[in-house]
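Please look through the sequence and the model below, and then follow the explanation from one part of the chain to the next.

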Amino acid sequence: MLSSEIQFPKIESIKSLDIADIAIMSQLAYSFKDEFLKYAQIDSFTSPDPFKNEDFNTFLVEVDRENIDRIVSMIIIRNDSHNLTIPLEKIMNDRLKIIQISKEKALLLKNEMMPKDTNNFYQFRKDGTVIGYIMFAFQICGQHY
């Protein structure tokens, strides 16, 4: 089940994450990706960031329950993919939590964790159809200061 935006990770707290936090985020992201691949195919190459595309309306961040500032992944799902859903509740474990956020907050988080302009997300597919984009913590290229 998705959580509300009330528990949104704070940008100020994300800026203070240390190398141990980033290592934990990366390990959790690899584990999550392994489970995610049981339900969807992830393209091999990144593609342009989807924030300018109006076909996306569900913005999710997966966080570590022990510290919600540790973002494990960001998932953006297309408006028109209702019949091709991914059972995120089956992928989650006791350590992870999914939070639905606004497009604006998703863009703020993306800019903090992945300050390069574009090509930060992988497309993912179900039954050959692109239904969304995903970015993992192990892709972090630096923090924006």
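**Contacts, charges and backbone**

Not counting residues up to four places away in sequence, L28 touches D64, V72, R95 and L96, where contact means heavy atoms within 4.5 Å. This is a predicted model, in which local features need pLDDT of at least 70 and side-chain atom pairs count only at pLDDT 80 or more, while totals for chains, interfaces and linings use all residues. Residues are numbered from 1 along each chain as its sequence is written, and side-chain values use heavy atoms, with hydrogens and water left out.

L28 lies in helix 2 (residues 19-36); helices (H or I, at least four residues) and strands (E, at least two) are DSSP runs, numbered from the N terminus. With a relative accessibility of 7%, L28 counts as buried, a term that means under 20% relative accessible area, whereas exposed means over 50% and partly exposed lies in between (1.4 Å probe, protein chains only). Although L28 and R70 are 42 residues apart in sequence, their C-alpha atoms are 9.7 Å apart in space.

R70 leads on to the charged pairs. The structure holds seven salt bridges, each defined as a side-chain nitrogen of Lys or Arg within 4 Å of a carboxyl oxygen of Asp or Glu. One of them joins R70 to D21, with the closest N and O atoms 2.9 Å apart, and this pair links distant parts of the chain, since R70 is in strand 3 (residues 67-78) and D21 in helix 2, 49 residues apart. Both R70 and D21 are buried. R70 also forms a salt bridge with D64, again with the closest N and O atoms 2.9 Å apart, and D64 is buried as well. A further salt bridge is made by the side chains of E66 and R95 (3.3 Å, N to O); E66 lies in the loop between strand 2 and strand 3 and R95 in the loop between helix 3 (88-91) and strand 4 (96-101), so this pair ties together parts that are 29 residues apart in sequence. E66 counts as exposed at 59% relative accessibility, and R95 is partly exposed, with a relative accessible area of 26%. Taken together, D21, D64, E66, R70 and R95 are linked in a network of salt bridges.

E62, in strand 2 (residues 56-64), is buried yet has no salt bridge, and the nearest side chain of opposite charge, R65, is 9.2 Å away; for charge, Lys and Arg count as positive and Asp and Glu as negative, while His and the chain ends are not counted. Leaving aside neighbours within four places in sequence, the contacts of E62 include F32, R70, V72 and M92.

F32 in turn belongs to the residues with the most contacts inside the largest nonpolar core, a group that also holds F36, L88, L109, F124 and I134. This core has 42 residues, a nonpolar core being a set of buried Ala, Val, Leu, Ile, Met, Phe, Trp, Tyr and Cys residues joined through side-chain atoms within 4.5 Å. L109 is also among the buried residues of helix 4 (residues 103-113), together with A106, K110, E112 and M113. Seen down the axis of helix 4, these buried residues fall within an arc of 160 degrees, so they line one face of the helix; the arc is that of the directions from the helix axis to the C-beta atoms.

Finally, N119, in the loop between helix 4 and strand 5 (121-126), has a positive phi near 60 degrees although it is not glycine.
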